[in-house]
Structure formats: structure tokens, C-alpha cells
Amino acid sequence: MEIADNGSGISDELKERIFEPFFSTKKTGKGMGMGLGLAIVQSVITGYNGQIEVFNNENGGATFRVELPAIENGANKR
């Protein structure tokens with residue numbers, strides 16, 4: 001599955017850190033995130049033997065790609 005946007009993309013420096021718990025580019029304060037969203041997403045995906053990666057699009061924006069293994073005969077082989 002791929003999820004893309006058309007924003008400014010993600011710098012190489014940030015790409016190395018965006019999956020770290022408590023890392024955020026948002027200013028602190030009321031209503032701001034704690035930097036856990038992508039860390040939780042990555043944890044769930046890797047818990048199912050999958051992977052998530054991010055890359056910048058040629059014409060701007062970024063794409064997150066999620067790959068999960070297929071389930072054989074309806075049984076989860078974790």
C-alpha cells in the first residue's frame with residue numbers, strides 16, 4: 001500500500017528520524033502531537049513481519065510504502 005501527498009517532501013535528515021519515538025517537527029504546546037504516531041505505526045507493521053519506508057516524489061511530496069506478508073489459508077503465521 002502506498003500513501004502519498006503533494007507537500008514539500010521530507011529532508012534526508014528527517015527521513016532518518018521520523019520513526020523515532022517522541023521525535024516531532026511540531027512546536028510543543030497545547031494540541032500538538034508527541035511524536036509517537038509513526039513510531040507506533042512502524043511497531044505495528046514490523047510486528048506483522050512487514051516494513052514501512054518513505055521516499056520523496058519526483059514532483060514534490062512524499063510517499064509512504066507499507067508492505068505486509070500474505071496470509072496463507074487464513075492463518076496468521078507470526
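**View 1. Glu20 is partly exposed, with a relative accessible area of 31%.** Partly exposed lies between buried, under 20% relative accessible area, and exposed, over 50% (1.4 Å probe, protein chains only). The model is predicted: local features need pLDDT of at least 70, side-chain atom pairs count only at pLDDT 80 or more, and totals for chains, interfaces and linings use all residues. Residues are numbered from 1 along each chain as its sequence is written, and side-chain values use heavy atoms, with hydrogens and water left out. Glu20 forms a salt bridge with Arg17 (a side-chain nitrogen of Lys or Arg within 4 Å of a carboxyl oxygen of Asp or Glu). Their closest N and O atoms are 3.3 Å apart. Arg17 is also partly exposed, at 36% relative accessibility.

**View 2. The protein chain holds two helices and three strands.** Helices (H or I, at least four residues) and strands (E, at least two) are DSSP runs, numbered from the N terminus. From that end, the order is β-α-α-β-β. The chain has 78 residues, and 18% of them count as buried. It exposes about 6,200 Å² (Shrake-Rupley method, 1.4 Å probe; for residues, only the protein chains shown count as cover). Carbon and sulfur atoms supply 51% of that area. Take the contacts (heavy atoms within 4.5 Å) between residues at least 6 apart in sequence: 45% join residues at least 24 apart.

**View 3. Arg65 sits in a salt-bridge network with Glu2 and Glu53.** The whole structure has four salt bridges. One of them joins Arg65 to Glu2, with the closest N and O atoms 2.7 Å apart. This pair links distant parts of the chain: Arg65 is in strand β3, Glu2 is in strand β1, and 63 residues separate them. Arg65 is partly exposed, at 26% relative accessible area. Glu2 is partly exposed too, at 47%. Arg65 also meets Glu53 in a salt bridge, 3.4 Å from N to O. Glu53 lies in strand β2, twelve residues from Arg65 in strand β3. With a relative accessible area of 35%, Glu53 counts as partly exposed. Shared partners join the three residues into one network.

**View 4. Thr63 is a buried residue, at 4% relative accessible area.** It belongs to strand β3, residues 62-67. Its side chain makes a polar contact with the side chain of Asn57, at 2.6 Å. Such a contact is a pair of N or O atoms within 3.5 Å; within protein, one must be able to donate a hydrogen and the other to accept it, and residues adjacent in sequence count only if both atoms are side-chain atoms. Leaving out residues up to four places away in sequence, Thr63 touches Glu2, Ile3, Ala4, Glu53, Val54, Phe55 and Asn57.

**View 5. Nine residues make up the largest nonpolar core.** A nonpolar core is a set of buried Ala, Val, Leu, Ile, Met, Phe, Trp, Tyr and Cys residues joined through side-chain atoms within 4.5 Å. The members here are Ile10, Ile18, Phe19, Phe23, Ile45, Ile52, Val54, Ala62 and Val66. Strands β2 (51-56) and β3 are the elements that give two or more residues to this core. Beyond residues up to four places away in sequence, the contacts of Ala62 include Ile3, Gly9, Ile10, Val54 and Asn57. In soluble globular proteins, nonpolar side chains tend to be buried together.

**View 6. The count of aromatic pairs comes to one.** Its rings belong to Phe19 and Phe64, with centres 6.4 Å apart and planes at 90 degrees, so the pair is edge-to-face. Rings of Phe, Tyr and Trp (its six-membered ring) pair if their centres lie within 6.5 Å; planes under 30 degrees apart are stacked, over 60 edge-to-face, and the rest tilted. Phe19 is in the loop between α1 (12-15) and α2 (37-47), and Phe64 is in strand β3, 45 residues apart. Phe19 counts as buried, at 15% relative accessibility.

**View 7. Phe22 and Asn49 each have a positive phi.** Phe22 has a phi of about 70 degrees although it is not a glycine. It lies in the loop between α1 and α2. For Asn49, phi is near 60 degrees. Asn49 is found in the loop between α2 and β2. At 55% relative accessibility, it counts as exposed.

**View 8. Ser8 lies in the loop between β1 (2-4) and α1.** Its relative accessibility is 76%, so Ser8 counts as exposed. Ser8 and Asn59 are 51 residues apart in sequence. In space they are 9.4 Å apart, C-alpha to C-alpha.
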